[in-house]
Amino acid sequence: MQVLVNTTLSFEYHAGDNVPQCPFRGDVIIATDPGKTNMAMTIGTPTGEVLAILQFRAPGYSNNNSTYCHDFKEFLTAYLKDCRVTVFAIEAAISKEGMNFHRSSMVLTEIRANLIDLSYRL
């Protein structure tokens, strides 16, 4: 997946690759907007200072959502290893009438479930 940090540092990441260090140690708050091929995440302090904006782009994972989830969980676990996550917020799901059983909804459900799992690990 492609990772973009603060709109300046861009690189390909797969689980097991080296991860840049988070520029902060201590309590952080995370707000995320998950998507099937593009996820944005803001990391900040409890006082409101923005520390990092992360974007994950995964167009090549369209048929392998589980690998995408594994990769972003591994990246975030390594990136935030010196931080204590006090709040992990996930944008509410937007569903359309008749889309409850559509593949798109299933993909978003898997991504959201992995974010919830990650929030318990951090």
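Biologist: Which residues touch the most other members of the largest nonpolar core?

Modeller: In this predicted model, Phe56, Phe72 and Phe75 do, out of the 30 residues in that core. Strand S1 (2-5), strand S3 (26-33), strand S4 (38-44), strand S5 (50-57), H1, strand S6 (83-90) and helix H2 (103-121) each supply at least two residues of the core. H1 gives the most, with six residues.

Biologist: Take Phe72, then. What is Phe72 in contact with, leaving aside its neighbours within four places in sequence?

Modeller: Met1, Met39, Phe56, Ile111, Asn114 and Leu115.

Biologist: Why does Phe75 count as buried?

Modeller: Its relative accessibility is 0%. Buried means under 20%, so Phe75 counts as buried.

Biologist: And what makes the pair of Phe11 and Phe75 tilted?

Modeller: The ring centres lie 6.2 Å apart, with 40° between the planes. Rings pair if their centres lie within 6.5 Å, so Phe11 and Phe75 form a pair. Stacked needs planes under 30 degrees apart and edge-to-face needs over 60, so 40° leaves this pair as tilted.

Biologist: Why is the pair of Phe75 and Tyr79 called stacked?

Modeller: Here the centres are 5.6 Å apart and the planes are at 15°. The distance is within 6.5 Å and the angle is under 30 degrees, so the pair is stacked. Phe75 and Tyr79 are four residues apart in helix H1, which means about one helical turn separates them.

Biologist: Is Tyr79 buried or exposed?

Modeller: Buried: Tyr79 has a relative accessible area of 3%, and the cut-off is under 20%.

Biologist: How many aromatic pairs does the structure hold, and which residues do ring pairs link into a cluster?

Modeller: There are six aromatic pairs. Ring pairs link Phe11, Tyr13, Phe56, Tyr68, Phe72, Phe75 and Tyr79 into a cluster.

Biologist: Over to helix H2, where Leu118 is found. What makes Leu118 buried?

Modeller: Its relative accessible area is 0%; with buried set at under 20%, Leu118 qualifies.

Biologist: And which residues is Leu118 in contact with, leaving aside its neighbours within four places in sequence?

Modeller: Lys73, Leu76, Thr77 and Phe88. As for Cys69, its C-alpha atom is 9.9 Å from that of Leu118, and the two residues are 49 residues apart along the chain.

How values were computed
Residues are numbered from 1 along each chain as its sequence is written. This is a predicted model: local features need pLDDT of at least 70, side-chain atom pairs count only at pLDDT 80 or more; totals for chains, interfaces and linings use all residues. Side-chain values use heavy atoms; hydrogens and water are left out. Buried means under 20% relative accessible area, exposed over 50%, partly exposed in between (1.4 Å probe, protein chains only). A nonpolar core is a set of buried Ala, Val, Leu, Ile, Met, Phe, Trp, Tyr and Cys residues joined through side-chain atoms within 4.5 Å. Contact means heavy atoms within 4.5 Å.
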